[in-house]
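Subject: Structure for your review

Dear colleague,

Please find below the structure that I am handing over to you.

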Amino acid sequence: MRLGSSSAVGFGVNWGNMASHRLPAEVVLRMLSSSNITKLKLFDADSKIVGMFANSDVELMVGIPNEMLDKIANSPRAALDWVKENVTQHLPEVKIRYVAVGNEPFLKAYNATYESVTLPALRNIQGALDKLNSAEPIKAVVPLNADVLSDGGSPLPSAGLFRPDIQPLMDTLVLTLAKHQAPFVVNIYPFLSLHQDPHFPQEFAFFDGSNTGAAAIHDFNGNTYTNVFDASYDLLVAALNRNGFPDMKIIVGEVGWPTDGDVNANPANAQRFNQGLLAHITSGRGTPLRPNQELDVYLFALIDEDQKSILPGNFERHWGIYTYDGRAKYELDVLGTGLANFSSDVQYLPWRWCVLNPEGDMTKLAKSVDYACSHGDCTALVYGGSCNHIGDQGNASYAFNSYYQINNQEEESCVFDGLGMITTANPSTGGCEFPVQLNPLASSSTSSTATLMSSESSSVGQSMLLALLLAIAQLVLDFDKLASGWISSRRKKSKLSKLTTNGQTTITKTKKPGICRIY
């Protein structure tokens, strides 16, 4: 995806790290560079991640998790220490523009857990930023879910206001943001509108439908809305207008479309939505209540995250425009070129899978599958998912393999009371992919090297660090050799046997079935 300077101005991406096996940092850097993406939103402020953007053109929004808000709200000193450790130590080499104080802290599902601490935390962080940063101002913001808004019982965007139960809190928040000339950050998810309401008009979720008939919204002020994104955006504009801030800058902190885990989550719909979104951003037409204004948007998300909570839905682990291993899921075309693939830049675990042994005791299958799914990722198996069609035995194999890969192909992670067996025959079929995970040792070592080498300094201190890194790398290699020998001896003791069927090799265990063990 090559956006070019003219179209990348108002476009960024979210990069989350809730993955069992992370892409090497230098691969992510190449992803951003090849796409001309110069704005990135993070959900924390990991020093290694932030530091790797030194001397780059990427502008960062770093985050403070909700769990830290109470401590920061009650201690200006804690806020000062956080800013020193996570912001000022990276300046001016890293372009940090925003600090996100919490993530959707006023979400209804949190039952007011963070309502009393968000504003004090925001003030303390902004105070610390003002005190410690004398260069370009850094703004503290609060990314909010669109559920902080209400239409007051009217279906019209111009009737927008803040949710009555938090109206005083929102009034104060907006005043605080305005005082520091900080933007209002809101997350908008048209996909969720479609997911949560079976009667929601599907075409209204996208940007390219006609929607001039019954699906369109005709506001009393003469404005017509043909998509839910514009309607949601202007609902916020109307609420800000009511509060006396018609010109407050708005940033859409998250917006996107998932590709799996739901009947509406697939690559075709994701490509359609995201392509329409990018065309909307680059058009410069804005929205009916803010016409001819550039939209500032962070696409969610860059890469899939297989460790995200699925409480909101099984689709939560599939928002990425890239797969876990750096493959483009679909074309995302703006200036005549599409997404580049980066899977050739990573190292995988050995090409083998854990599948169901049809000769095992099937009375134990349900329990084993449930265990594998609860500790792995079976979201592709749900109704509408990419692997929903592979049958009961296929479902079991998929579950076993997910657990096996997440546990780095440990031999004992493919036991399942004798129901699992290891194979070198790829069981992927009919659009359902059985993944082989990334090699965590290769990912961590290359990421560390990339982080260290991102600085152009030639100081003695850096040379010492490089020497230390090389020494550690040698120790890792030595340990790997020892470990390989130990594993080899264990495999001999466990009496692995090979069966060949139709030219494919399957490795099975001949030792007595055991229980599933975690290491």
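In this predicted model, 71% of the contacts between residues at least 6 apart in sequence join residues at least 24 apart, a contact being heavy atoms within 4.5 Å. Of the 519 residues of the protein, 52% count as buried, that is, under 20% relative accessible area with a 1.4 Å probe and protein chains only. The protein has 14 helices and 19 strands; these are DSSP runs numbered from the N terminus, helices being H or I of at least four residues and strands E of at least two.

On conventions, residues are numbered from 1 along each chain as its sequence is written, and side-chain values use heavy atoms, with hydrogens and water left out. Because the model is predicted, local features need pLDDT of at least 70 and side-chain atom pairs count only at pLDDT 80 or more, whereas totals for chains, interfaces and linings use all residues.

Helices α5 and α6

Two packed helices are described by the angle between their axes and the distance between the axes. The axes of α5 (residues 76–86) and α6 (residues 118–132) come within 8 Å and cross at roughly 55 degrees; axes are lines fitted to C-alpha atoms over the stretch in contact, with angles from 0 to 180 degrees between N-to-C directions. That angle makes α5 oblique to α6, since angles under 35 degrees count as roughly parallel, over 145 as roughly antiparallel, 65 to 115 as roughly perpendicular and the rest as oblique.

On the α5 side, Pro-76, Ala-79, Leu-80, Trp-82, Val-83 and Lys-84 meet Asn-124, Ile-125, Ala-128, Leu-129, Lys-131 and Leu-132 of α6. The buried residues of α5 are Ala-78, Ala-79, Leu-80, Trp-82, Val-83 and Asn-86, and they pack against β3 (59–64), α4 (69–73), β4 (95–101) and α6.

Aromatic pairs

Rings of Phe, Tyr and Trp (its six-membered ring) pair if their centres lie within 6.5 Å, with planes under 30 degrees apart stacked, over 60 edge-to-face and the rest tilted. The count by this rule is 23 aromatic pairs. In one of them, the ring centres of Tyr-403 and Phe-416 are 5.6 Å apart and the planes stand at 70 degrees, so the pair is edge-to-face. Tyr-403 lies in α12 (residues 391–406) and Phe-416 in the loop between α12 and β17 (420–423), so the pair ties together parts 13 residues apart in sequence. Tyr-403 is buried, at a relative accessible area of 1%, and Phe-416 is buried, also at 1%.

Yours sincerely

Technical notes. Buried means under 20% relative accessible area, exposed over 50%, partly exposed in between (1.4 Å probe, protein chains only).
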